[in-house]
Amino acid sequence: APLAVGLHGSDVFVAERRGVRSAVAAALHRTAVVTGCSPELVDRVCALGFPRSRAHVIPYGVDAAKFAPGPPRGRDWRQCLGIPGTATVLLSVGRMATKKGYQVLIPELPSLLARHPALHVVLAGAGDRLGEFRAAMGSEPRVHFPGAVGHDDLPDLFRAADLFALPAVHDSRGNVDGLPNVILEAMATALPVVATAISGIPQAVRPETTGLLVAEGDGP
């Protein structure tokens, strides 16, 4: 049977590995159509030999009813994290891995917090580098690491924030996100977004309208 294959990000990175390329070529030979959530992912799978005429960029959607602005409908995250109601909250959600780019953001946080005394930063997610990132911030009381957050709890976490940031990058081996769902969820919750202009992110964030795009690897 012919296949329709959707690309998300790391799947293309794995497909590019030398040891699996013959298996990937066999799968692509059976594939009728490929969709990817970013132009970069589509370009990379076409570089593996898939016909460009049958590859299409189709960005994700988001459940706008579930991720909608307003007061919390369940958990009050500001209360849970000890953040004052009058504070400005910068939120980021993502796995604590290199391609999410938190190693770019975290060194900038001390000066950012010094310039904005009412600012709190919430970096939500688990991952291999979580312990390292927590240690880098020490005992800073205005930077919060709640760890992994269940998907049903995410809408209220977005509602607790005032703006959203995701400093995504290509890691040293070329792995990159396609179009992070959290950016679309933040936008559905009416949060302005600051993110890097890589992969599928520029398809979602309109500079100076729905957020700001910065160069990959730049600090705030």
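Arg-52 touches Val-42, Asp-43 and Cys-46 when residues up to four places away in sequence are not counted, a contact being heavy atoms within 4.5 Å. Arg-52 is placed in the loop between helix H3 and strand S3. Helices (H or I, at least four residues) and strands (E, at least two) are DSSP runs, numbered from the N terminus. The C-alpha atoms of Arg-52 and Val-42 are separated by 8.2 Å, and the two residues are 10 residues apart along the chain.

The model is predicted, and local features need pLDDT of at least 70, side-chain atom pairs count only at pLDDT 80 or more, and totals for chains, interfaces and linings use all residues. Residues are numbered from 1 along each chain as its sequence is written, and side-chain values use heavy atoms, with hydrogens and water left out.

The secondary structure of the protein consists of 10 helices and nine strands. The radius of gyration is 19 Å, close to the 17 Å that the globule rule gives for 220 residues, so the protein is as compact as a globular protein of that length. This radius is taken over C-alpha atoms, and the globule rule is 2.2 Å times the number of residues to the power 0.38. Along the principal axes, the C-alpha atoms fill a box of roughly 55 × 35 × 30 Å. Of the contacts between residues at least 6 apart in sequence, 64% join residues at least 24 apart.

Buried residues account for 45% of the 220 residues. The classes rest on relative accessible area: buried is under 20%, exposed is over 50%, and partly exposed is in between (1.4 Å probe, protein chains only). The accessible surface of the protein is about 10,600 Å², and 56% of this surface belongs to carbon and sulfur atoms. Accessible areas come from the Shrake-Rupley method with a 1.4 Å probe; for residues, only the protein chains shown count as cover. The side chains include 21 positive and 20 negative ones, and the centres of the two sets lie 5 Å apart. Lys and Arg count as positive and Asp and Glu as negative, while His and the chain ends are not counted. The place of a charge is taken as NZ of Lys, CZ of Arg, CG of Asp or CD of Glu.

Helix H3 covers residues 39-47, and Leu-41, Val-42, Arg-44, Val-45 and Cys-46 are buried in this helix. These buried residues pack against strand S1 (3-7), helix H1 (10-15), helix H2 (21-29), strand S2 (31-36) and strand S3 (55-57). Just after H3, Gly-49 takes a positive phi of about 115°.

The largest nonpolar core has 61 residues, and those with the most contacts inside it are Val-93, Leu-109, Leu-123, Leu-157, Phe-158, Phe-164 and Ile-183. Strand S5 (residues 119-124) gives the most to this core, with five residues. A nonpolar core is a set of buried Ala, Val, Leu, Ile, Met, Phe, Trp, Tyr and Cys residues joined through side-chain atoms within 4.5 Å. Leaving aside neighbours within four places in sequence, Phe-164 is in contact with residues including Leu-90, Val-93, Phe-158, Val-182, Ile-183 and Ala-186.

In helix H9, the buried residues are Val-182, Ile-183, Leu-184, Glu-185 and Ala-186. Their cover includes strand S4 (88-93), helix H8 (154-159), strand S7 (163-166), S8 and H10. Ala-190 lies in the loop between H9 (181-188) and strand S8 (193-196). Ala-190 has a positive phi of about 70° although it is not a glycine, and counts as exposed at 53% relative accessibility. Ser-199, in the loop between S8 and helix H10 (201-204), also is a residue other than glycine with a positive phi, near 50°. At 15% relative accessibility, Ser-199 counts as buried.

Two further residues, Tyr-60 and Arg-73, are found in the loop between S3 and helix H4 (77-81). Tyr-60 counts as partly exposed at 26% relative accessibility. Not counting residues up to four places away in sequence, Tyr-60 touches Leu-7, His-8, Cys-37, Leu-179, Asn-181 and Leu-184. Arg-73 is exposed, with a relative accessible area of 57%. Leaving aside neighbours within four places in sequence, Arg-73 is in contact with Ala-65, Lys-66, Ala-68, Asp-156 and Arg-159. The C-alpha atoms of Arg-73 and Gln-103 are separated by 32 Å, and the two residues are 30 residues apart along the chain.
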